[in-house]
Amino acid sequence: MTIVRANPEGVHSTPGYHHVTVVPAGRTAHLAGQCPLDAAGVLVGTDDVDAQVDQIAANVLAALRSVGAGPEHVVRTVIYVVSADRAVLAQVWQCFLASPLAPAFTTASTLLGVAQLGFPGQLVELDVTAALPETP
C-alpha cells in the first residue's frame, strides 16, 4: 500500500505535517479519541500535558498494534488541547513529535484549543485514522 502525503503548490508551508494525504481504497481503522487514561482507567498527569501526551501516545501505539498497524500507517490526526495559549498548543505538538508516535504527525493533522474534554483534569485527546496494511 502506498500512502502519498503532499503539500500542494500555493498552500502555506507546514511545521512537518502535510496538507493532503491520499490512500488507495482499502481497510481503515478509526480509533476512538484516545485519552490520557492508563490500563486501569486512571487519569495520568493531572495538570501535566507532557505526561498526558506520553500516555496517549502509548495508548495509540497499542491500539494500532492491535490491528497490525504502526504510526507510519496513520493518515489523519486531530489533537484537542484544553488551552487557548499558543505556547501550550506548541508544547503539546512538540511533545507528540518527540514521542514514538511521531511518524503519525507527518500526515494530515489538526491541532485545536478547546474549552473542555470528557474527563475531569484531562488536558489532551487525540483522534486517529489509519490506513491498514494489506493482510498476507
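A: Start with helix α1, residues 49-65: in this predicted model, α1 lies across β4 and β6, and runs at about 25 degrees to β6. Helix α2, made of residues 86-97, lies across β4, β5 and β6, and its direction is at about 145 degrees to β4.

Now for how the two helices meet. The axes of α1 and α2 come within 10 Å and cross at roughly 40 degrees. An angle between 35 and 65 degrees is neither roughly parallel nor roughly perpendicular, so α1 and α2 count as oblique to each other. Their crossing is right-handed. On the α1 side, the contact is made by V49, D50, V53, D54, I56 and A57, while α2 brings V88, Q91, V92, C95 and F96. Sort those residues by class and you get 8 nonpolar, 1 polar and 2 charged.

What about the strands under discussion? They belong to an open sheet of 4 strands, ordered β3-β6-β4-β5, with mixed pairing. β3 (28-30) and β5 (108-113) stand at the edges with a single partner strand each, so one side of each has no neighbour in the sheet. From one strand to the next, the twist averages 10 degrees.

Zoom in on β4 and β6 to finish. Strand β4 covers residues 74-81 and β6 covers 124-131; the two run antiparallel and are joined by 7 bridges. As a general point, strands of a sheet pair through backbone hydrogen bonds, either parallel or antiparallel.

Technical notes. Residues numbered from 1 in each chain as written. Predicted model: local features only at pLDDT ≥ 70, side-chain atom pairs only at ≥ 80, totals over all residues. Heavy atoms only, no water. Pairing = 2+ DSSP bridges. Axes fitted to C-alpha atoms, helices over the stretch in contact; angles between N-to-C directions. Contact = heavy atoms within 4.5 Å. Parallel < 35°, antiparallel > 145°, perpendicular 65-115°, else oblique. Left-handed = near helix turned anticlockwise from the far one by under 90°. Nonpolar A, V, L, I, M, F, W, Y, C, P; charged D, E, K, R; others polar.
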